[in-house]
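Morning, everyone. Let me put the model up, and then I'll walk you through the fold, the core and a few individual residues.

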Amino acid sequence: MDDMSDGATDRPDTTQLRRRLVKADLRAVPEARRALRELLRHWGMPGRSEIAELLTSELVTNALVHTDHDAVLTATVGARRLRVEVRDFVGRRPRLRVPDADDGTHGRGLVLVQSLADAWGVRAHGVGKAVWFELDGGTV
């Protein structure tokens, strides 16, 4: 996982993490979790931070496993909201599917995102797409 930029955004009340994820390098998953944990350390929402780490690892894993390209992780945190998106360079949209009990751990990522995020979605982004979620800063 290569740094692209860390630090404040144009808005003074937000902080942003931005990382390039190297294709097929699954070491990026725990690295993304650690970087997000550091970003959220002062957010003051510990239960929400744990959910954010879980959902971020799902989006990063999906981008690295289901595409043969690099991806970009962007997390923007403000006083009231966290937005995380993973942009990849493949136009194929992910499918929300019901996990098969016999399929081990596969097929649960987007179900977790749908269940735990306050909002989530997929949007076309030039060449490729961005899969994103938001968590409000409220209580769990």
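R27 is exposed, with a relative accessible area of 58%. You will find R27 in the loop between β2 and α1. Its C-alpha atom is 9.7 Å from that of T61, and the two residues are 34 apart along the chain.

A word of caution before I go on. This is a predicted model.

At 55% relative accessibility, A24 counts as exposed. Now look at the backbone. Phi of A24 is near 60 degrees, which is positive in a residue that is not glycine. Most residues other than glycine have a negative phi. So that is a spot to look at on the screen.

Now the overall layout. The protein chain has 3 helices and 6 strands. Along the sequence the order is β-β-α-α-β-β-α-β-β. The chain has 140 residues, and 40% of them count as buried. What about contacts along the chain? Take those with a separation of 6 or more: residues 24 or more positions apart account for 59% of them.

Next, the core. In soluble globular proteins, nonpolar side chains tend to be buried together. Here, the largest nonpolar core has 31 residues. Which residues have the most contacts inside it? They are L21, L82, V86 and F133.

On to the helices. Two packed helices are described by the angle between their axes and the distance between the axes. Take α1 and α2. They pack at an angle of about 145 degrees, with axes 9 Å apart. Their crossing is right-handed. From α1, the contact uses A28, V29, A32, R33, L36, R37 and L40. From α2, it uses S49, A52, E53, L54, T56, S57, V60, T61 and L64. By type, the residues of this contact divide into 9 nonpolar, 4 polar and 3 charged.

Now α2 and α3. The angle is about 145 degrees, and the axes are 9 Å apart. Is this crossing left-handed or right-handed? α2 passes α3 in a left-handed crossing. On the α2 side, the contact has I51, L54, L55, E58, L59 and N62. Those meet G109, L110, L112, V113 and L116 in α3. This contact divides into 8 nonpolar, 2 polar and 1 charged.

Stay with α3. Which of its residues are buried? G109, L110 and V113. Seen down the axis of α3, these buried residues fall within an arc of 90 degrees, so they line one face of the helix. They pack against α2, β5 (119–124) and β6.

Last, three strand residues. First up is L17, in strand β2. L17 counts as buried because its relative accessibility is 3%, and the cut-off for buried is under 20%. L17 and A32 are 15 residues apart in sequence, and their C-alpha atoms are 9.7 Å apart in space.

Then V72, in strand β3. At 10% relative accessibility, V72 counts as buried. V72 and E85 are 13 residues apart in sequence and 8.1 Å apart in space, C-alpha to C-alpha.

And G121, in strand β5. G121 is buried, with a relative accessible area of 13%. The C-alpha atoms of G121 and V131 are separated by 5.9 Å, and the residues are 10 apart along the chain. Leaving out residues up to four places away in sequence, G121 touches A130, V131 and W132.

To recap: a core of 31 residues, with α2 packing against α1 and against α3. That's my tour. Over to you.

Key: Residues numbered from 1 in each chain as written. Predicted model: local features only at pLDDT ≥ 70, side-chain atom pairs only at ≥ 80, totals over all residues. Heavy atoms only, no water. Core = buried A, V, L, I, M, F, W, Y, C linked by side-chain atoms within 4.5 Å. Buried < 20%, exposed > 50% of the residue type's maximum accessible area, 1.4 Å probe, protein only. Axes fitted to C-alpha atoms, helices over the stretch in contact; angles between N-to-C directions. Helix = DSSP H or I, 4+ residues; strand = E, 2+ residues; numbered from the N terminus. Left-handed = near helix turned anticlockwise from the far one by under 90°. Contact = heavy atoms within 4.5 Å. Nonpolar A, V, L, I, M, F, W, Y, C, P; charged D, E, K, R; others polar. Arc of directions from axis to C-beta.
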